[in-house]
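I opened this model to look up its folds, its packing and its chain contacts. My entries follow in the order in which I worked.

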Amino acid sequence: MTVTERRPGHDAPVAPGPAPARLRAGTLLAACAGLAAVALLAVLVGPVRLAPGAVLLELAGRLPLVHTHSGLSAQEAAILWQLRLPRVVLGGLVGAMLALAGAAYQGVFRNPLADPYLLGAAAGAGLGATLAIAYGPDTSGWPVDLLPMAAFAGAVAAVAAAYALGRSGVARSATTLILSGVAVAAFLTAIQTYVQQRESETLREVYGWILGRLTTAGWREVALVAPYALVSTVVILLHGRLLDVLAVGDDEASSLGVRAARVRLIVVAAATLATAAAVAVSGLIGFVGIIVPHTIRLVAGSSHRLLGPLSLIAGAAFLILADLAARTVMTPAELPIGVVTAFFGAPFFALVLRGSRQAP
Amino acid sequence: MRRSLVPLLLLLALLAAGCGRDGSTSQEPPAAKRIVSMSPTATEMLFAIGAGPQVVAVDSNSNYPKEAPKTDLSAYQPNLEAIAGYKPDLVVYSDDPGELAAGLAKLGIPAMKEPAAKSLDDTYAQLDQLGRATGHPAEAAKVTTTMKAEIAKIVAAGRPERPLTYYHELDKNLYSATSKTFIGQLYTLLGMENIADLADKDKSGYPQLSAEYVVKADPDLIFLADTKCCGQSARTVAARDGWKQITAVRSGGVVELDDDVASRWGPRVVDFLKTIAAKAQTLEAVGS
């Protein structure tokens, strides 16, 4: 269903020369404006009604050289600055990372079904989180939470294991790598399920984590993700052209002087860092890494020089919107974000798919 | 994601099963002598009514009272063979995640379902059923009478002049329980107002609240029923972003509950009521 139609040579600019699919400044500007509008909407709307004018004044008041009096109470200011804003920012970061990582994985593995969890990041993070919950020391007094660290380490270790396993195979092909990812994921999930059954009192917290959450997002989580997000973004975006070359196949790429295995390693490493950081603070949020890049492909084309930046922006906007729905549809109760991404994301994606088929 | 939804559905099914109101399959054999309890609450009830010596095994979560013969039996994934190994003449359980009831019936082992109580009356009814099934009807009646008397005493002493608002936290993701739930009714007895009631649009009784909403609702009291499961405490709550604004956090109104006592519907609800009544009174004294 999610397979985009690929005619040979259609989406693979082989030579560096003048590419048809370079990102135009206008497109980029429009996308950024869209993201800004979505973010603003998400900051203005929430379970607690804050006067939009006052919120805008309050936000403007933080700009240098601007002094305003917004009229928000201390409580309302706390809601805005410490609860709503970090949640919007974190939602954007997580969405951006998952979408970018998804696009990168799909490019590296030439597999439309690849998602950021393909090489076992989800299973590794799940095991790390479960171990931290079941056996970790009481970290309530620590400056940082153990849980996101453990999830991050688990995700990175899982992908590293999958990579090592895939490398030692006869052929260092993308397929070997995917298969070893499947094996690693299955193995880690088995351990995780076992630990979870043994320590049944941790069940509630483990499920709460796995279900995905931005509910308790704060600036601490933002600070945790931001550095990895920055590094991964830069690396993946810089490799856009090489990913386009890789799209023609490993052998063809090497004949053009591109070392496929090396590009793959670098991009996978960067995408994994992004995924692990996102998973560590938000649990497992599915679907973003699949539908956002594919939607971009369908509407804007599949060159990675275009796909990367646009996936980044669209992923951020999509998750901010999904989280907006999660916290307002049942207000003041919450919906699990994973339910929202799939519930609204799947029909939307189907529409895009239909529209692109009907187009000449 | 699809994979992670399966456990959620299971959990929901469990909850739904717990809320099922079909009562017990009371076959009531004459005074069971070898009881296996798959429910921590039933275990507490059995020991309270003096049927403890007849209990041969309890599930892995039955951690009270201490003398209960705790085993590895899992109530989440009951193993029929392991249960049958104790040669029980009565199995008590609260939820049936799979084929527990059907399997026990096949093996000819009498079973009683004592699901999560929806009100104190359910608790009293379950004590009565267990009393009759184990040959301790008089003790069961006495436990009920004592509970009723103690609760009446606490309620009489603890009615505040101004209704205190509270937030009952089930886990770190801000799942809460409304005043319609069993636990919520206990707070209502003391005249407290539940901030989660407005959030329960789908009437599940257990809505997940937004942090924004909790801060805005500004409860006088916060009760943490996630101290054991999730390591929450007055300190961790105060450290959450934006929560310092809340009256309960500023005025020492955060109460660390025992997760188990706060999630079971046995005789220890009296202890629970005492805890929250005492806290409400100290807060009243400070406030006045």
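Predicted model: local features only at pLDDT ≥ 70, side-chain atom pairs only at ≥ 80, totals over all residues.

Residues are numbered from 1 along each chain as its sequence is written, while chains are lettered from A and ligands numbered from 1 in the order in which they are written.

**Entry 1: the two chains**

I began with contacts in chain B that have a separation of 6 or more. Residues 24 or more positions apart account for 62% of them. For chain A I looked up contacts between residues at least 6 apart in sequence, and 77% of these join residues at least 24 apart.

Next came secondary structure. Helices (H or I, at least four residues) and strands (E, at least two) are DSSP runs, numbered from the N terminus. Chain A has 14 helices and zero strands. Chain B has 13 helices and eight strands.

Then burial. A residue is buried if 20 or more other C-beta atoms lie within 10 Å of its own, exposed if 12 or fewer, and partly exposed in between; these C-beta atoms are also placed from the backbone. In chain A, 52% of the 360 residues count as buried. In chain B, buried residues make up 48% of 288.

**Entry 2: helix H6 of chain A**

I checked the length of H6(A), residues 174-198. The expected span is 1.5 Å times one less than the number of residues. For its 25 residues that gives 36 Å, and the end C-alpha atoms are 36 Å apart, so the two agree. Its buried residues include A:Leu177, A:Val184 and A:Leu188. What do the buried residues of H6(A) pack against? I found helices H3 (74-109), H4 (121-135), H5 (146-167) and H7 (203-210) of chain A.

**Entry 3: H3 against H12**

I fitted axes as lines to C-alpha atoms, for helices over the stretch in contact, with angles from 0 to 180 degrees between N-to-C directions. H3(A) and H12(A), residues 288-300, pack at about 70°, with axes 8 Å apart. That makes H3(A) roughly perpendicular to H12(A). Angles of 65 to 115 degrees count as roughly perpendicular, under 35 as roughly parallel, over 145 as roughly antiparallel and the rest as oblique. Among the residues that meet are A:Leu98 and A:Gly102 in H3(A), and A:Ile290 and A:Pro293 in H12(A).

**Entry 4: the cores**

A nonpolar core is a set of buried Ala, Val, Leu, Ile, Met, Phe, Trp, Tyr and Cys residues joined through C-beta atoms within 7 Å. The largest has 161 residues; A:Met97, A:Ala274 and A:Ala277 have the most contacts inside it. H3(A) gives the most to this core, with 21 residues. Leaving out residues up to four places away in sequence, I saw A:Ala277 touch A:Met97, A:Phe152 and A:Tyr228, among others.

**Entry 5: A:Ile266**

A:Ile266 lies in helix H11 (residues 260-282) of chain A. Is A:Ile266 buried or partly exposed? A:Ile266 is partly exposed, because 16 other C-beta atoms lie within 10 Å. Beyond four places in sequence, A:Ile266 is in contact with A:Val235 and A:His239.

**Entry 6: between the chains**

I counted 37 residues of chain B in contact with 37 residues of chain A. On the chain B side, H8(B) gives the largest share, five residues.

Key: Contact = placed C-beta atoms within 7 Å.
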